[in-house]
Amino acid sequence: MTVPPLRTRKLTIIAQDPSVKIKGKILRTQVEIPAEELQPGPWGYRVHTVDYDSSTSTLYQPLKYPSLKDGVDGDPFKGASDAKLLSDPNFHAQNTYAIVMRILARFEFALGRRVSWRFDSHQIKVAPHAFADANAFYSDRDQALMFGYFPGRKGMVYCSLSHDIVAHETTHALLDGLRERYTDPSSPEQAAFHEGFADIVALLSVFSLTGIVETLIDLNAPRRNASQIARKLLTIEELRRSMLLGLAKEMGQELPAIRGNVLRRSVELVPARDYIKQREFEEPHRRGEILVAAVMNAFLSVWVKRLKALGQIAPGALDRGRVIEEGAAVADYLLTMVIRALDYAPPVNLEFCDFLSAILTSDREINPNDSKYKFRETLRQSFASYGIRPRSEGTPGDPGIWLGPEGQLSNERIHFESLQRDPDEVFRFIWDNRGPLKFYENAYSRVLSVRPCLRIGPDGFALRETVAEYMQILELQAGELRKDKKLRIAVPEEMPDDQEIRLTGGGALIFDEYGKLKFHIENRLDDGERQSQRLEYLWGYGYYRNPASFRNFASLHRQRATSLTSFSREDW
Amino acid sequence: MATSKPKSLTIRSYQVGFGDCFLLTFHYTGQNKDRHVLVDFGSTGQPRGAGENLMLRVAQDIKQQCNGKLHAVVATHRHKDHISGFATNKKGTASGDVIASCKPDVVLQPWTEHPKARVDATQAPGAMTSNKAFVAALGNMHAISGAVLLEAQRRKSMLGATLFRELTFLGDDNLSNASAVENLMRMGKKNYYLNFGSKSGLERVLPGVKTTVLGPPTLKQSSEIKIQRSRDEDEFWMFQALANQFVLKPEARVFRRAKTYSAQGAPPFTRWFLKRMRSIRGEQLLGIVRALDKVMNNTSLILLFEVNGKKLLFPGDAQIENWSYALSKPAIRRLLSRVNVYKVGHHGSRNATPKTLWAGFKNRSTKKTDKKRLKALMSTMSGKHGKATSSTEVPRKTLVKALNSESELFNTQDLKGKKNISLVCDIKF
């Protein structure tokens, strides 16, 4: 008789960061992540932690983890004292490893498949004490996540012990693997999306932990009651104060120095439809805050809606445990929604309106009935309050969703099996159907990825899909573009005729389980209006003078902390 | 008494290599009626062939040109390439001693230099007024620069020549220049610490000359155009300073009790990554000093002198963040559109002559015979700062091309040999 291998293991992490305490003790939790036999590091099949401090040239020796065989509890820091958690670099390594794995698993669950890193390695390197610097970042060139540390007022501050920072950087890495062209210079919204999306995933990941919700929910309560909570504390405004502003306040006092207090800034961004037209919000970090604000407001709205369905357990009071569970569940579901939407988003030149249509469509595919908690309706309203409307008109019953392809598509010469994994087969499909797909033929085209996925809906049924993405590139000079009557792309007046320009376009193809195309979600290379706006933005902000400044997470995060931008319309 | 207005002006652009030094001599009619204003005096690198003791020779020339009396000294901001010449020595023989002996009536500096704004930089920014917190952040930036310089020296062999040169250049330029700062505080009869819209302090010193202070804005003024400085930024610099200093401590290591590998004992499978991380450290240091250099540049005084409708603009090293407040005002934009003499910002770098400003200059002209043609003064030295491959070279070639094409350019790089230490530009009012 053998014991079946464990599928998951639990590891202790710090729930948010060491400053969030309960009864004077650091709030920690055990997170469930995929089980594996670890090499010292921790060094697993997707993450390799290397604890090297480049500022002091110190390489710390890693901890050896016990084998999980025979039902051993493989969590060496379960029940450890606060002092131990803070002073043992091996715990810091575990904290980063466990959070990275949790976020990775979250992405894989939502997308229904394995998610690869962008670079040519299965294992991302993680440096929990990379340097003495108030910074943390993802670097694809180095295949790594780097977390700095610095002396704070009450001792050393470690980015690797901050849940939201680790989750944020991991999300950059995962998003880069899923949509490699989102770091390309494009529109202010594509630049903002990486930061905004990473913030959203980080915050929802934190709020999906019941321990955090439980700690924050009492912030506005004059007196804590172990079993119930007053209904009057559960309005959107009260929850905004306790949950969102509360977390912003409770987060390590020194941590905003890493990249500014995005949560506070987003929460304070009261809904207004004209932000996206203001020059101030062309700056990618400011624009990203709009996206964060729209999603976090939706989080509170759905939570409050769900609480209305709960019965009172005493006059004016609800069951405390249920309230907390509902909050964490809403955060968890929203997290799944936003991650799943990536597959339904165009692979190039993304704008917030595209992402909103992607969320609405991907959720509808797996959860057609939204009538109970109205996640989709709430998101639509929340985005609209910030001036973001879905790119697609949708249908009367489901406003904002992508519509299916028009025209008669043919699968006659296509091999179904190959279509699920072979880029050449997918390209053949595109080429054979270039007429009905209105495929732009006069450009270099390449299928970037083909990914079969299996997602499980709330009703327990499986949804099988194949997601492919392709991109197109056309390089020509500004003078040629000016003369081109078909493309109708406006070239900035000051741009010289010999300026080389790269136009990009592309689309995501969603095939159903029979190989039939369900959606063709594209940002067209020959979309004159959007390409003109893109050129205007890139020219104005100096991309053509200094392309290198547009793609570097290390400097982007420092700019966010110092409010300095590295490119300006005013530069030579 | 001088007559009410000067009849002409002589501007001497001194050869200080990478730095600024301009002597403005306003000529009034009558005897001994010249009035002399020195705008900046600093350098971070001198050209080959400029000879020894260049700064001292420049100081002596200034003293000679002004007959031993300066009426005003302007120190636009505290970067070494703008104030190092004001440094003194114990013997009283340094260039700064020579300038101090010219007993300026007034010394003009930005508001961030006010002695009362100074604080213990290690205080928590949250406990200070926003102005003090910002000044404290500037102090922290000096500390960071000092630490980065030391760390760069330690890592010289790992950094590579290009990175090392840029790190040491920026680190050095952002050191605190204590001697020069002290001298500037002491040398004048009166000190003025200015911001946008404040009186210049030159009203009595330069009769008939209207001097408008266009920058730097105060933090309150900046907030009016939604450039709100947050406490997080000031805290960032405080923690960054602490981090950089921590590294310099002997045997700095965060976890003293933890087991480590010896320098040679790193497992082979970690070596590629360790090499990458060492390289990243150098890049991080450069990122930090670049950021603080920008903040420091944006404390620059921006002065506009006007006589008989002629306008002379001296913006120090101000970049767009400093300029934004002035340029947000239509009346100021109109005023600037008529500038006749422009001191090129930040030695001709790509981000210190805002395109909006340049495009607004109506006296730009490609006709060399045009009498109203804009005159531009540029004090710079190629090959010292930035690189062409990243479009960061100073002076920026696209800007220099525009300056050469649309203005009469006085470029200190045209000064050759030991004896030619200044370019002269005469203006008639």
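**Where the chains touch**

I started with the contact between the two chains of this predicted model. Chain A puts in 50 residues and chain B puts in 47. Next I looked up which elements of chain A give two or more residues to that side: strand 6 (52-53), strand 7 (58-59), strand 8 (124-132), strand 10 (144-152), helix 7 (256-259) and helix 18 (553-562). Sorted by class, the side of chain A that touches chain B has 23 nonpolar, 16 polar and eleven charged residues.

**Two helices crossing in chain A**

Then I went to helix 5 (residues 210-217) and helix 10 (residues 320-340) of chain A. Their axes come within 9 Å and cross at roughly 125°. Angles from 65 to 115 degrees would be roughly perpendicular and those over 145 roughly antiparallel, so I noted this pair of chain A helices as oblique to each other. Helix 5 of chain A passes helix 10 of chain A in a right-handed crossing.

Which residues meet there? From helix 5 of chain A I found A:T210, A:V213, A:E214 and A:I217, and from helix 10 of chain A I found A:V323, A:I324, A:E325, A:G327 and A:A328. By class, that contact has five nonpolar, two polar and two charged residues. I kept a general point in mind: an α-helix has 3.6 residues a turn, so residues three or four places apart point the same way.

**Helix 6 of chain B**

Helix 6 of chain B runs over residues 161-173, which is 13 residues. It reaches 18 Å from first C-alpha to last, close to the 18 Å expected at 1.5 Å a residue. I listed its buried residues as B:E166, B:L167, B:F169, B:L170, B:G171 and B:D173. These pack against helix 2 (80-83), helix 4 (130-154), helix 5 (156-159) and helix 10 (271-297) of chain B.

I found a cis bond from A:G41 to A:P42, with omega near -5°. A:P42 sits in the loop between strand 4 (28-34) and strand 5 (47-49) of chain A. In chain B, B:G215 and B:P216 are also joined by a cis bond, with omega about 5°. B:P216 is in the loop between strand 7 (210-215) and helix 8 (219-224) of chain B.

B:D40 isn't a glycine, yet its phi is positive, about 65°. I placed B:D40 in strand 3 (residues 35-41) of chain B. Is B:D40 buried or exposed? B:D40 is buried, with 30 other C-beta atoms within 10 Å.

B:H347 isn't a glycine either, and has a positive phi of about 60°. B:H347 lies in the loop between strand 10 (341-343) and helix 13 (355-360) of chain B. B:H347 is buried, with 23 other C-beta atoms within 10 Å.

How values were computed:
Residues numbered from 1 in each chain as written. Chains lettered and ligands numbered in written order. Predicted model: local features only at pLDDT ≥ 70, side-chain atom pairs only at ≥ 80, totals over all residues. Axes fitted to C-alpha atoms, helices over the stretch in contact; angles between N-to-C directions. Helix = DSSP H or I, 4+ residues; strand = E, 2+ residues; numbered from the N terminus. Parallel < 35°, antiparallel > 145°, perpendicular 65-115°, else oblique. Left-handed = near helix turned anticlockwise from the far one by under 90°. Contact = placed C-beta atoms within 7 Å. Nonpolar A, V, L, I, M, F, W, Y, C, P; charged D, E, K, R; others polar. Expected span 1.5 Å × (residues − 1). Buried ≥ 20, exposed ≤ 12 C-beta atoms within 10 Å, placed from the backbone.
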